[in-house]
Amino acid sequence: MPINSIKKKLILLPLLLATIQAFPWELQTDTLRGSTQVLDSIVIEKRFFIKRDLQTAQTAILLTRDFLEANKDHSLMQTLSRLPGINHSTIGNSQSKPIVRGLGANRVTVLQQGIKHEAQEWGEDHGLEIPQEGIQSIEIIKGAGAIAYGSDAMGGVINIKNNLNSGGFYKSKGYLTLFTSNNSDLYGVNLGLQKSQKKWSYKTTLGYKSQGDYRVPTSSINYQGYIFELHENRLRNTAAKELSIEVQNAYQNGEFTLNNYLSHHYNKGGLFANIHGLEVRNSTLDQDASSRDILYPHHQVNHTKWISSFQLLAAGNPIDLTLAYQNNYRQEHAEPVPHGYMPKPAGTLEKSFTKNTFTANLLTSYKVHRKVRSKFGVNTTHQINRIGGWGFLIPDYNRSILGVFTLNSYPLSPEILLEFGARYEATWNKSFAYKDWFESPEDENGDGQRAYIERAKKSSRFFQDFSPSIGARYSKQAFDAKVNLSKSFRVPLAHELAANGLNYHMYRYEKGNQDLSTETSYHLDGEFHFQWRALALTLSPFLSYSNNYIYLNPTPTYYQGLQVFQYTQNSVLRRGGELMLSYYISSSLELSSGLEYIYTRQQSGDKSGYPLPLTPPPSGLFAITFTRPLLWRMSNFRMHADYRIAASQNDILPPELATPGYSLVDLSCSSDFSIGKDKPLLTIALSAKNVLNKKYFNHTSFYRMIEIPEAGRNISLSLTVNLNN
């Protein structure tokens with residue numbers, strides 16, 4: 001769709017943004033790990049609302065459980081992508097990665113129970129191993145959150161909260177949810193139970209889902225001149241299954257609180273069979289024999305997480321200590337086919353990554369003055385990552401981090417709050433040498449003596465940096481404004497320093513760069529909110545500059561038929577923002593709209609004048625929501641329609657492909673059913689995604705680079721039974 005046509009449509013529609021159902025603003029208090037935050041929320045609708053954090057100069061919102069249920073999609077990040085400024089990169093139809101204002105991977109920090117989720121997040125084809133079932137609320141910070149959360153949070157923070165003391169569990173003691181959808185023949189079940197007894201509370205959630213190969217609105221895929229016909233429009237070998245369990249308990253005795261959290265998440269998912277090095281064209285596997293089998297190539301992930309937090313109130317000042325351990329074990333299996341000089345491997349395990357992470361965080365807050373409130377924190381992390389399999393991409397490495405920060409708030413007046421802080425962080429990286437297990441010619445032309453080629457050298461690097469931040473909030477009556485100026489930094493990771501191998505999942509050869517330095521960026525973020533009666537408007541602009549941005553640069557060189565990409569650093573300018581608008585025509589009918597825009601430009605290097613790769617295109621979301629507290633025998637009845645427009649993305653970094661624009665229609669309906677005056681006994685939700693079965697491409701999607709469109713029409717049904725005694 002031409003961008004001019006889209007601009008005309010956007011102008012005709014009520015200016016703009018916000019995503020969801022908006023909300024009447026009511027003052028609320030939320031206790032988060034010992035600190036009191038006053039959250040403003042426009043709750044124009046009683047049940048589905050978002051809260052804005054008025055205790056910080058950052059652009060921060062809190063999503064409730066009701067919002068997550070009302071907008072539930074295939075994965076957590078697909079659910080959150082309904083918010084402006086939040087995008088996702090899908091991996092098949094079961095997993096996705098977060099992208100905040102065009103930044104993803106190691107520039108966005110995902111927290112759970114206050115601890116950074118540590119997996120193989122450096123890989124674009126590695127999804128987020130966190131199920132969305134059982135999540136109570138999510139705090140989202142757009143822009144740099146590196147002061148409190150570490151150097152990897154320079155793009156944003158997604159803070160997932162499941163604490164028992166954070167306010168109810170489905171407002172009941174238990175639930176059972178059954179759900180299904182037709183596009184991939186998905187079915188699943190979730191069970192949640194909670195019990196409180198004197199000073200103890202307990203919660204358990206269980207989840208399982210299985211899906212087959214998903215359908216796309218095309219009968220064939222054209223990749224590098226090869227035509228792959230699709231059986232019944234199914235993307236072969238994209239079936240997946242997931243199993244998750246979470247167990248929590250909490251103890252509170254006066255000024256002492258203890259929270260324990262233990263979870264395990266298992267995911268096994270296939271990758272589109274016909275493009276893993278193209279050698280599968282000669283495979284004897286019948287990928288179309290069943291739509292539910294998971295053959296080759298596929299990935300398999302087990303993620304175990306244990307978190308214990310201790311909070312003590314000493315003279316009214318909270319002291320919070322959190323200890324955590326995570327184990328992430330990822331396997332990538334492929335048919336044992338020889339590549340280049342590598343003979344046929346003995347097994348199917350192409351790569352494996354075993355990552356153990358130990359974390360300890362200490363946080364306290366206190367008054368240093370009758371008006372100044374200060375937070376002080378210490379974060380420590382130690383990681384051990386080991387590899388296996390017959391393929392190579394990154395070496396074994398160890399990583400240790402020590403961070404110290406302070407955040408201070410000072411109310412200059414009842415309307416003006418000043419916020420300032422700083423963080424110091426030191427990182428020790430140690431990577432180990434690696435040699436091929438097979439011999440290759442030492443000369444790149446294939447001549448000369450054969451040897452075991454060294455892919456990675458032993459290396460030790462030390463990084464340190466300092467990041468200050470200052471911001472202000474002004475709030476008076478119907479107007480609220482925030483401005484925040486900060487510096488952030490990010491330490492290069494093992495794959496950026498030492499990668500040297502074929503990444504068939506990404507269809508390229510990747511090379512690291514041991515000369516990379518710490519990436520530093522300077523950010524200016526703002527948020528301007530206005531509310532008048534039933535109208536709410538929020539504008540969130542941002543400007544960011546980095547003089548040494550790290551990214552994977554495409555080169556004109558090819559290796560074994562795949563293009564060589566090498567990590568490099570250049571100065572980069574980013575700017576853009578989001579605009580949100582919500583208007584209530586009546587107490588039951590709401591119109592909301594949203595618009596997001598991101599502009600990127602490299603300011604140096606051989607790609608100066610070009611954008612960053614995979615920059616999301618301008619897009620808008622326009623919605624209408626009808627709600628009724630009571631309708632016949634139904635309560636909390638809700639009908640919702642979305643119309644999303646995305647402009648074509650022609651501002652690309654060659655050889656990246658341009659993406660045509662598109663428009664989509666989504667519909668949903670939900671209601672509670674009860675017997676007599678009791679609480680709701682049953683909740684039924686029905687939704688239809690991509691109602692018109694449009695063929696379209698998500699520019700940030702994992703499969704976009706091989707010309708695979710997004711999933712076609714998908715109709716979902718869920719039934720939730722209240723298990724109260």
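In this predicted model, the largest cavity has a volume of about 260 Å³, and the structure holds 19 cavities of 30 Å³ or more. Rolling a probe the size of a water molecule over the atoms shows where empty space is left. The largest cavity is lined by 21 residues, of which Met342, Phe392, Phe438, Arg455 and Leu502 are the closest to its centre. Sorted by class, its lining consists of eleven nonpolar, six polar and four charged residues. Two strands, β21 (349–367) and β31 (500–503), each supply at least two residues of that lining, and with three residues β31 gives the most to it.

Glu425 lies in strand β24, which covers residues 416–431. Is Glu425 buried or exposed? With a relative accessibility of 3%, Glu425 counts as buried, because the cut-off for a buried residue is under 20% relative accessible area. Its side chain has polar partners, one of which is the side chain of Ser151, at 2.8 Å, and another is the side chain of Arg423, at 2.9 Å. Leaving aside residues up to four places away in sequence, Glu425 touches Gly150, Ser151, Ile401, Leu402, Gly403, Phe463, Gln464, Asp465 and Phe489.

Ala119 is placed between β9 (115–116) and β10 (137–142), and, with a relative accessible area of 3%, Ala119 is buried. Which residues does Ala119 touch, not counting residues up to four places away in sequence? They are Glu129, His303, Asn328 and Lys355. Ala119 can also be set against Asn356, from which it is 237 residues apart in sequence, although the C-alpha to C-alpha separation in space is 9.0 Å.

From single residues the reader can turn to the way strands are put together. Strands of a sheet pair through backbone hydrogen bonds, either parallel or antiparallel. Three strands of this model form an open sheet in the order β5-β6-β7, with antiparallel pairing. The edges of that sheet are β5 (86–91) and β7 (103–104), each of which has a single partner strand, so one side of each is left without a neighbour in the sheet. Strand β6, residues 95–100, runs antiparallel to β7 and is joined to it by two bridges, and in this pairing the bridge partner of Val100 is Leu103 in β7.

How many residues lie between the strands in the hairpin of β37 and β38? There are two residues between them, and in this hairpin Trp632 takes a positive phi near 55 degrees.

Terms used
Residues numbered from 1 in each chain as written. Predicted model: local features only at pLDDT ≥ 70, side-chain atom pairs only at ≥ 80, totals over all residues. Heavy atoms only, no water. Helix = DSSP H or I, 4+ residues; strand = E, 2+ residues; numbered from the N terminus. Buried < 20%, exposed > 50% of the residue type's maximum accessible area, 1.4 Å probe, protein only. Polar contact = N/O pair within 3.5 Å; in protein donor to acceptor, adjacent residues only side chain to side chain. Contact = heavy atoms within 4.5 Å. 1 Å grid on protein atoms, 1.4 Å probe; cavity = no way out; pocket = protein on both sides within 12 Å on 5 of 7 lines; lining within 4 Å. Points joined across faces, edges and corners; volume = space filled by probe spheres on them. Nonpolar A, V, L, I, M, F, W, Y, C, P; charged D, E, K, R; others polar. Pairing = 2+ DSSP bridges.
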